[in-house]
Amino acid sequence: MTDVSDASVDRLAAPTIDEAVDSAVVLDDGIPQLVIRVQPYAGMSGGDQVYLRWDTGVLRTSRVETHVVDTAEVGQTTLFTIPHPRPGAARVSYVISRATGEWRASDRLDITVRGRDGAGPREFGQGP
């Protein structure tokens, strides 16, 4: 199996967040969750596993979500949601795991989530 650190040779595009403008999201009552998109990638095939990482630097607010690509989804955008995001900074990326054991990592998206009152960001590693 290929080490994830070796996947930097052919990196994937960073994910995108629908609600983001200039690498920031301002939460309001109309945004109960964030929609994260992973665009189709070269060689996408059924059975691939997509691991999304939402890293806030704070264990309780960091997440890893997994999606297994169905053959009907090949060539389609993979969607993830982050429910009830908290104000602060996050690093968002994903890794593709193929049935062959190959791993490919994406570039990272750095995002700032601000509350409606302008709260945020915090430095990585600081508590809520």
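What follows is a short exchange of questions and answers.

Modeller: This is a predicted model, where local features need pLDDT of at least 70, side-chain atom pairs count only at pLDDT 80 or more, and totals for chains, interfaces and linings use all residues. Residues are numbered from 1 along each chain as its sequence is written, and side-chain values use heavy atoms, with hydrogens and water left out.

Biologist: How many helices and strands does the protein have?

Modeller: Helices (H or I, at least four residues) and strands (E, at least two) are DSSP runs, numbered from the N terminus. Along the sequence the pattern reads β-β-β-β-β-β-β-β-β. The count is zero helices and nine strands.

Biologist: What is the order of the open sheet of three strands?

Modeller: Two strands pair if DSSP finds at least two bridges between them. Two bridges join β1 to β3 (residues 33-38), and these run antiparallel. β1 (16-17) and β6 (78-83) are the edge strands, each pairing on one side only. The order is β1-β3-β6.

Biologist: Which residue in β3 does Ile-17 stand opposite?

Modeller: β1 covers 16-17 and is an edge strand. Its partner β3 spans residues 33-38. The residue opposite Ile-17 is Ile-36.

Biologist: Is Arg-98 buried or exposed?

Modeller: Arg-98 lies in the loop between β7 (88-97) and β8 (103-105). It touches Gly-43, Met-44, Ser-45 and Asp-48, not counting residues up to four places away in sequence; contact means heavy atoms within 4.5 Å. Buried means under 20% relative accessible area, exposed over 50%, and partly exposed in between (1.4 Å probe, protein chains only). Because its relative accessibility is 17%, Arg-98 counts as buried.
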